[in-house]
Amino acid sequence: MQDRVKPANPHILSRFDGDLGYFRGLVLDMGTKVRNQVVLASEALGACDVGKARKVIHDHRLVRDLDIQALEANTKLFAIHQPVASDLRFVLTLSRAVYDLERIGGEAVRMADIAEGLYEYQPHVRECAIFEDVGRMAKPAVVLLNNSLQALADENVRIAAEVAFDTKDLEELFKGSIRRLATYLMEDPRNIRWVIDATLGIKALERIGDHAGSIARNLIFSVTGKDVRHVHVASLAADI
């Protein structure tokens with residue numbers, strides 16, 4: 001990893017490191033809370049559990065508070081320290097991670113809203129089975145999010161590259177789930193409500209995987225200086 005530019009005054013360096021560490025801690029804390037929200041929301045929708053759905057909706061304020069604190073910390077870093085070179089890239093990467101995590105938290109709330117809406121219709125066991133693909137997709141989506149946060153915490157390009165590669169697998173899983181859900185419609189058109197809700201749920205999980213990939217690709221930019229946000233997965237290895 002390229003050495004960061006060191007200011008001549010060690011006092012300024014220490015203050016910058018402290019402010020950067022605070023910002024980084026906020027981002028990772030936000031990541032942990034968002035990951036827990038995704039796990040709970042997918043369990044709520046997969047099992048038609050209204051109680052868990054309401055907890056996700058209630059706890060979203062914690063994610064929102066961290067989002068605001070992180071934005072303030074980011075603004076302070078730029079206003080006081082005006083980072084350059086690798087320091088600037090890392091601060092930008094953390095800033096973009098806050099955006100991605102905020103979006104992931106929004107997807108978790110979207111799944112929780114769907115699960116809460118099911119309470120009105122009281123689906124039977126057979127209808128709840130239509131939501132099995134939510135759980136099937138949630139596991140790899142959460143792994144991607146976990147690994148992207150680990151890559152960010154360790155500034156590890158190898159883990160970040162693995163996340164970028166694995167997002168392709170989640171896309172294939174999403175296509176398989178869509179085909180499976182279509183069979184429920186062919187069996188009984190009255191399943192359309194449940195199939196639509198399940199489709200919205202797995203689409204939210206696919207987007208969560210995309211945001212995890214975005215965090216990983218931005219981390220690769222931070223460490224290597226190469227912008228791989230729009231590089232196809234097949235040629236990613238050659239670019240890093």
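Here is a short chat about the predicted model shown above.

Me: Okay, and what box do the C-alpha atoms fill?
Reply: Roughly 70 × 40 × 20 Å, taken along the principal axes.

Me: How much of the chain counts as buried?
Reply: The chain has 240 residues, and 46% of them count as buried.

Me: What share of the contacts comes from residues 24 or more positions apart?
Reply: Taking contacts with a separation of 6 or more, 82% come from residues 24 or more positions apart.

Me: Let's go inside. Which residues touch the most other members of the largest nonpolar core?
Reply: Those are Phe23, Val38, Leu101 and Leu205, in a core of 69 residues. Helices H1, H2 (50-81), H3 (85-117), H5 (132-154), H6 (157-187) and H7 each supply at least two residues of this core. The largest share, 13 residues, comes from H7.

Me: Let me follow up on methionine 30. Is methionine 30 buried or exposed?
Reply: Methionine 30 is buried, because its relative accessibility is 0% and the cut-off for buried is under 20%. The residue is found in helix H1, which covers residues 10-46. Beyond its neighbours within four places in sequence, methionine 30 is in contact with Val63, Leu66, Asp67, Val98, Leu101 and Glu102.

Me: And how far is methionine 30 from aspartate 197?
Reply: In space they are 27 Å apart, C-alpha to C-alpha, and in sequence they are 167 residues apart.

Me: What about histidine 60, where is that?
Reply: Histidine 60 is in helix H2. With a relative accessible area of 18%, histidine 60 is buried. Leaving aside neighbours within four places in sequence, its contacts are Gln37, Gly105, Gly106 and Val109.

Me: Switching to charges. How many salt bridges are there?
Reply: The count comes to 16. In general, side chains of opposite charge can pair when their charged atoms come close.

Me: Nice. What does glutamate 107 form a salt bridge with?
Reply: Its partner is arginine 110, and the closest N and O atoms are 2.8 Å apart. Both residues lie in helix H3, three residues apart, about one turn of the helix. Glutamate 107 is buried at 4% relative accessible area, while arginine 110 counts as partly exposed at 39%.

Me: Where do glutamate 171 and lysine 168 lie?
Reply: Both are in helix H6, three residues apart, which is about one turn of the helix. Glutamate 171 is partly exposed, at 24% relative accessible area, and lysine 168 counts as partly exposed, at 34%.

Me: And which residue does arginine 190 meet in a salt bridge?
Reply: Aspartate 188, at 3.0 Å from N to O. Arginine 190 is exposed, with a relative accessible area of 69%, whereas aspartate 188 is buried at 14%. Elsewhere, salt bridges that share partners join Glu107, Arg110 and Arg207 into one network.

Me: Now the surface. Which residues make the nonpolar patch?
Reply: Leu185, Ile192, Ile196 and Leu200 make a nonpolar surface patch of about 330 Å². Helix H7 (residues 192-224) gives the largest share, three residues. Isoleucine 192 lies in that helix and is partly exposed, at 46% relative accessible area.

Me: Last one, on backbone angles. What is phi of cysteine 48?
Reply: Near 55 degrees, a positive value in a residue other than glycine. Cysteine 48 sits in the loop between H1 and H2 and counts as buried at 17% relative accessibility. Glutamine 82 also has a positive phi, near 45 degrees. Glutamine 82 lies in the loop between H2 and H3 and is exposed, with a relative accessible area of 59%.

How values were computed. Residues are numbered from 1 along each chain as its sequence is written. This is a predicted model: local features need pLDDT of at least 70, side-chain atom pairs count only at pLDDT 80 or more; totals for chains, interfaces and linings use all residues. Side-chain values use heavy atoms; hydrogens and water are left out. Helices (H or I, at least four residues) and strands (E, at least two) are DSSP runs, numbered from the N terminus. Buried means under 20% relative accessible area, exposed over 50%, partly exposed in between (1.4 Å probe, protein chains only). Contact means heavy atoms within 4.5 Å. Patches are made of residues with over 30% relative accessible area and no salt bridge: like charges are joined within 9 Å, nonpolar side chains (Val, Leu, Ile, Met, Phe, Trp, Tyr) within 5 Å. Accessible areas come from the Shrake-Rupley method with a 1.4 Å probe; for residues, only the protein chains shown count as cover. A salt bridge is a side-chain nitrogen of Lys or Arg within 4 Å of a carboxyl oxygen of Asp or Glu. A nonpolar core is a set of buried Ala, Val, Leu, Ile, Met, Phe, Trp, Tyr and Cys residues joined through side-chain atoms within 4.5 Å.
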